Amino acid sequence: MAFQEFNDTGYWGKPTATIDWCEKNYEVNYYVAEMWNTISNLMMIIPPLWGIWDMKKQKFAQRFFFCYSFILVVGFGSLAFHMTLLYEMQLFDELPMVWGTCYCVYCLSIVKHDMKSKIIPNKLLLLTLIIISIGFAIIYLAWPQPLLQHFCYGILVAISLAQEIKLILEFKCAVCKRMFIVAIALYLFGFFLWNIDNILCKNITILREHIPMFLQPFTQMHAWWHIFAGYGVYIQVLFCIHSTYDYHKKYKHSSVLLPEHMYFSIRWQKTTKSY
């Protein structure tokens, strides 16, 4: 018997978040409000942990540690949010999404900066993004409207994508182009599923009632959003690493950074082929 059949409130009590998603609350487990929306966040926890270990091993610039760290914080925040549906955990998810994207915009803006320099590059943009991050947090705490978070996050994502397109056109890098296409395809497909979950929730709920139980998790569109969007954002960090080191080819004269392991890694490889 599903838990939802005999109780509509689990361990964490009545939801206090401003959003409650299409997955039925506490249907699978007494301690987890949205089981599949919670588990799917592993896609934003395990890959960035691997990425942090890998960038340390390959001695990439410290800025990329923070890129992975923001994904990790969002992953844990989203996991806590969907596990509890508490407002505090919702903030743990949504605020770092905006902050992390601000940092991504900054990293993409300093691709050409000498990584060995101790001077902080593009101070004006950095200050602007810090002000935006703090200002957004203050306004969102005072006016907790989900559409505000969606709008701000969406604008920042669009800016980062525009930056990546600009770098591709300027560097004429085939690897950058390929990574961008894979990342944007994954992200947009996840965003499509996120909208399906919001718009067709009633239809999806009816569908779940008429299919075998073992198939029901595959209809959790918001969980799939976590997986595809998390994967796409992870590849965007690899894009940032590759474009940075591709520009500064003086660090590796005879090698090129190429993605490996289904875009979970990026490695120096010796090649005579032009990229």
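Predicted model: local features only at pLDDT ≥ 70, side-chain atom pairs only at ≥ 80, totals over all residues.
The unreviewed UniProt entry lists Asp-20, Trp-21, Glu-23, Asn-25 and Glu-34 under the feature "binding site". Of these residues, Trp-21 is included in the lining of the largest pocket. Asn-25 is placed in the segment that precedes α1, a helix that covers residues 35-39, and its side chain is joined to that of Asp-20 by a polar contact of 2.8 Å. With a relative accessible area of 13%, Asn-25 falls under the 20% cut-off and is therefore classed as buried. Glu-34 is likewise located in the segment before α1, and because its relative accessible area is 0%, it too is counted as buried. When neighbours within four places in sequence are set aside, the contacts of Glu-34 comprise Asp-20, Trp-21, Glu-23 and Asn-25, together with His-82 and Leu-85. Asp-20, Trp-21, Glu-23 and Asn-25 are themselves listed in the "binding site" annotation, and Glu-34 is in contact with each of these four residues in the model.

The unreviewed UniProt entry also assigns the feature "transmembrane region" to several spans, among them residues 35-53, 65-83, 95-112 and 148-167. In the model, the span 65-83 is 100% helix and 0% strand, with its end C-alpha atoms 27 Å apart. For residues 95-112 the corresponding content is 83% helix and 0% strand, and the end C-alpha atoms are separated by 29 Å.

Helix α2 is formed by the twelve residues 46-57, and the distance from its first C-alpha to its last is 17 Å, which is close to the 16 Å expected at 1.5 Å a residue. Its buried residues are Pro-47, Pro-48, Gly-51, Ile-52, Asp-54 and Met-55. The elements that cover these buried residues include the helices α3 (63-84) and α9 (221-247) as well as the strand β2 (265-270). Just after α2, a positive phi of about 60° is adopted by Lys-59.

Ser-160 lies in helix α6, which runs over residues 146-171. Its relative accessibility is 2%, and Ser-160 is therefore counted as buried, the cut-off being under 20%. Apart from neighbours within four places in sequence, Ser-160 is in contact with Cys-104, Val-105, Leu-108 and Gln-236.

Definitions and conventions. Residues numbered from 1 in each chain as written. Heavy atoms only, no water. Helix = DSSP H or I, 4+ residues; strand = E, 2+ residues; numbered from the N terminus. Buried < 20%, exposed > 50% of the residue type's maximum accessible area, 1.4 Å probe, protein only. Contact = heavy atoms within 4.5 Å. Expected span 1.5 Å × (residues − 1). UniProt positions renumbered as here; feature names shortened; annotations may be inferred. 1 Å grid on protein atoms, 1.4 Å probe; cavity = no way out; pocket = protein on both sides within 12 Å on 5 of 7 lines; lining within 4 Å. Polar contact = N/O pair within 3.5 Å; in protein donor to acceptor, adjacent residues only side chain to side chain.
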